[in-house]
Amino acid sequence: MPLGITQIDAFTATPFAGNSAAVCLLPAPREDAWMQAVAREMNLAETAFLLRADGQLAPGRPGNGSYQLRWFTPAVEVDLCGHATLASAHFLWEAGHLPPDATARFETRSGLLTASRAGEWISLDFPVTPAVPCPVPPALERALGARLCQVAQSRFDYLVELESAAAVRAIAPDFTLLERIGGRGVIVTAASDDPKFDFVSRFFAPASGIPEDPVTGSAHCVLGPFWGPRLSKSDMVGYQASARGGVVRVGLRGDRVLLGGQAVTVLHGQLLY
């Protein structure tokens, strides 16, 4: 039986910008190998798989808002993903699986994550994953081809501060070297030179099958606690300066971070196998 799959651009209100994720709502559990194969076929930064936590789907019956959620890159399953969670919540509301005012609740490898909607914006409630200063990994500076001001490490990624927003935009990594650094990926960041934003960033994860991720919600779980104290702000706006670009609102709330973004559906399809 054909299975629907939807492609959504997240952290943008403009089609063909932000970060694309495929979202697939499963009627029943599927094998890990099948989900990985679908993610490889979609060849997007992440493909999200949803399964209702209260059992199999009943046609025409809205869910209670609680779903199991898993994320796969073309190469691996990941523990935390912001843009595919945003896309999943957008899909559930748009397709009528959740009432418009309902909170989406996701059971994930990183615990319970929630999403709520206010107008065109979606707010994700995620754990902070602060970075702490660490020794500079061998070859990191050479891999990035830029002068490193500060290097730290979070639960998942390395965080590298560069001297300017222009340096962040100009960076052209050696992905072969960067793949050997370890961890999920490398976030590069600097203070913004545009008054509309507080900081800029880019994210590289060649070891996870993603040379550059266009907009990375989970990276802002690191960027929020990094920039908040420096800027004396609890609410900020970040711009991820990839070729597609994307805007992420960041709100620090103790050990949680609120990630705000918009999303737009660009494609509906069917999986035949």
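What is the volume of the largest pocket? That was my opening look-up, and the answer is about 290 Å³. I am working from a predicted model, so every entry here should be read that way.

**Entry: the pocket**

I asked for the lining next. The largest pocket is lined by 18 residues, and those closest to its centre are Pro2, Leu3, Gly4, Leu25 and Pro27. I then sorted the lining by element. Strands β1 (3-10) and β2 (19-26) each give at least two residues to it. The largest share, 4 residues, belongs to β1.

**Entry: the loop between β1 and β2**

While I was at these strands, I checked the loop between β1 and β2, where phenylalanine 16 lies. Is this phenylalanine 16 buried or exposed? I found it exposed, because its relative accessible area is 66% and the exposed class begins over 50%. For context, most residues other than glycine have a negative phi.

I noted another case at serine 232, with a positive phi of about 55° in a residue that is not a glycine. Serine 232 sits in the loop between α6 (220-231) and β15 (235-240). With 68% relative accessibility, serine 232 counts as exposed.

**Entry: aromatic rings**

How many aromatic pairs does a search of the whole structure find? I got 6 aromatic pairs. One that I looked at is phenylalanine 226 with tryptophan 227: the ring centres are 5.2 Å apart and the planes stand at 90°, so this pair is edge-to-face. Both phenylalanine 226 and tryptophan 227 are buried. I also wrote down one aromatic cluster, formed by Trp34, Phe49 and Phe72.

**Entry: arginines over rings**

Staying with tryptophan 227, I found the charged end of arginine 230 over its ring, 5.5 Å from the centre. Another such arrangement turned up at tryptophan 121, where arginine 249 lies over the face of the ring at 3.5 Å from the ring centre.

**Entry: arginine 184**

Where is arginine 184 placed? I located it in the loop between α5 (175-178) and β12 (185-191). Why does arginine 184 count as buried? Its relative accessibility is 15%, and buried means under 20%. I then followed the side chain of arginine 184, which reaches the backbone oxygen of leucine 80 at 3.0 Å. Setting aside neighbours within four places in sequence, I listed the contacts of arginine 184 as Leu80, Phe156, Asp157, Phe203, Ala205, Ser208, Ser218 and Ala219.

**Entry: glutamate 107**

My last stop was strand β6 (residues 104-108), which holds glutamate 107. Glutamate 107 is partly exposed, with a relative accessible area of 39%. Which side chain joins that of glutamate 107 in a polar contact of 3.2 Å? I found serine 66 there. Beyond the neighbours within four places in sequence, glutamate 107 is in contact with Ala53, Ser66, Tyr67, Gln68 and Leu69. I also looked up aspartate 125, which is 18 residues from glutamate 107 along the chain, and the C-alpha atoms of the two are separated by 12 Å.

How values were computed:
Residues numbered from 1 in each chain as written. Predicted model: local features only at pLDDT ≥ 70, side-chain atom pairs only at ≥ 80, totals over all residues. Heavy atoms only, no water. Phe/Tyr/Trp six-rings, centres within 6.5 Å; stacked < 30°, edge-to-face > 60°. Buried < 20%, exposed > 50% of the residue type's maximum accessible area, 1.4 Å probe, protein only. Lys NZ or Arg CZ within 6 Å of the ring centre and 35° of its normal. Polar contact = N/O pair within 3.5 Å; in protein donor to acceptor, adjacent residues only side chain to side chain. Contact = heavy atoms within 4.5 Å. 1 Å grid on protein atoms, 1.4 Å probe; cavity = no way out; pocket = protein on both sides within 12 Å on 5 of 7 lines; lining within 4 Å. Points joined across faces, edges and corners; volume = space filled by probe spheres on them.
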